[in-house]
Amino acid sequence: MRAVGVDLGGTKLAAGVLDDDGTLADYTEVPLPGRDYNLLLDAIAEQVGRVRERRAIPPALGVAVAAWLSPDRETVAAAASLGWADRTLRRDLAARAGLDSVVVHNDANAAAWGEYVIAGRPADGAFVMLTLGTDVGGGVIAGGRLLTGAFGLAGEIGHLQLRPDGPQCVCGSRGCLAVYASGTAMLARARHAVAADPARCPELSGLCGADPARLRGQDLAAAAQGGEPTALAIVAEAGAAIAAASAQISRVVDHHTLVLGGGASAIGPALQQAVTAALTQSAPVGPVRPVPEVRLARAGNQAGVLGAADLASAAQ
Ligand SMILES: [Zn+2]
């Protein structure tokens, strides 16, 4: 065993063990028992203890958390989904779990690293991942290293501003990638389409009984997979926004691979094709306009746990 990984999201606590062969074992996922800081420290320590009971070697621990972290990743500066601010998570967890070796990473950064590991740690250029969920998270790997930044905010791709006069974003800015490409944004547009004219999107309307409030993300994914035009138009709009952001990122990190993860990546090849089409259609492709390979995430919900565990193993 090389390390234990934990992914602390807004609604669930996932954990697993990175074995010596580099694979993830004993993956478990439980609903959060609450948002209280000390309660969650106990819950994480319990997961680590569960592993240590069964495996003799004291592990390192890597934690992925949906949060903005301090540059030294000692402190959770803000975790909106958990209601935390200024929490010394790394030190507190080390004490609570009885471990010397604990590392903490932003959850999207850790997921990007997990996908990079699953992809065989490709050395042929930079690697970028987007997590399309309630928000849009991101992670950038260049030169074999995860970029965390001077201020701990590297990889916040979801808040690249695409249109200064665009819709208000939760971050306080306007027209960010997240307002066009998050799972929440796509679902809102689908609900709007059903409410405006159920007859124009029969499959979407049928999946929710023409009640927009009952429409779920998986309904939109199913409709897109079935080729419904309204669903495909929503996916195409998100794909165009992702492609616009990717083109800007290319100017800085010149990435070879763009991975699409998070809940909305369940839309599948329709989303992958929408991003690829937008990347290649808007302007001639050539040496000054690189087009990365667009892939769907492979590690699913386990990417954050795998990435956090691998980063903890490397830090030992
Ligand atoms: Zn924003």
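Colleague: What is the mean pLDDT of the protein, and how many of its residues reach 70 or more?

Modeller: The mean pLDDT is 92, and 96% of the residues reach 70 or more. pLDDT is the predictor's confidence in each residue, on a scale from 0 to 100. This is a predicted model, where local features need pLDDT of at least 70 and side-chain atom pairs count only at 80 or more, while totals for chains, interfaces and linings use all residues. Residues are numbered from 1 along each chain as its sequence is written, and side-chain values use heavy atoms, with hydrogens and water left out.

Colleague: Which elements have the lowest and the highest mean pLDDT?

Modeller: Helix α1 (residues 37–54) has the lowest, 89, and helix α4 (residues 178–181) the highest, 98. Helices here are DSSP runs of H or I with at least four residues, strands are runs of E with at least two, and both are numbered from the N terminus.

Colleague: What makes the zinc site tetrahedral?

Modeller: Start with the donors. They are His159 (ND1), Cys169 (SG), Cys171 (SG) and Cys176 (SG), lying 2.1 to 2.3 Å from the zinc ion. A donor is an N, O or S atom within 2.8 Å of the metal (3.2 Å for Na, K and Ca); water is not among the atoms, so sites may look incomplete. Four donors count as tetrahedral if all angles lie between 85 and 135 degrees. The angles here are 100 to 121 degrees, so the arrangement is tetrahedral. The ideal tetrahedral angle is 109.5 degrees.

Colleague: What spacing do the donors follow along the chain?

Modeller: The spacing is H-x9-C-x1-C-x4-C.

Colleague: Why is Cys169 called buried?

Modeller: Buried means under 20% relative accessible area, exposed means over 50%, and partly exposed lies in between (1.4 Å probe, protein chains only). Cys169 has 6%, so Cys169 is buried. Cys176 has 0% and is buried too.

Colleague: Why is Ala210 called partly exposed?

Modeller: Its relative accessible area is 39%, so Ala210 falls in the partly exposed class. Ala210 sits in the loop between α6 (202–207) and α7 (217–225).

Colleague: What does Ala210 contact, leaving aside its neighbours within four places in sequence?

Modeller: Ala210 is in contact with Val194, Pro198 and Ser205. Contact means heavy atoms within 4.5 Å.

Colleague: How do you know that the buried residues of α2 line one face?

Modeller: The buried residues of α2 (residues 89–97) are Leu89, Arg90, Leu93, Ala94 and Ala97. Seen down the helix axis, they fall within an arc of 130 degrees, so they line one face. The arc is that of the directions from the helix axis to the C-beta atoms. On the other side, Arg91 and Ala95 are exposed. Among the elements covering the buried residues are α1, β4 (60–65) and β8 (102–106). Just after α2, Gly98 takes a positive phi of about 70 degrees.

Colleague: What makes strand β2 mostly covered?

Modeller: Seven of the seven residues of β2 (residues 12–18) are buried. Lys12, Ala14, Gly16 and Leu18 are buried on one side, and Leu13, Ala15 and Val17 on the other.

Colleague: How many bridges join β1 to β2?

Modeller: Six bridges join β1 (residues 3–8) to β2, and the strands run antiparallel. Two strands pair if DSSP finds at least two bridges between them. Six bridges also join β2 to β3 (residues 24–31), again antiparallel. In the hairpin of β2 and β3, Gly22 takes a positive phi near 85 degrees.

Key
Tetrahedral: all angles 85-135°; square planar, octahedral: opposite > 155°, others 65-115°.
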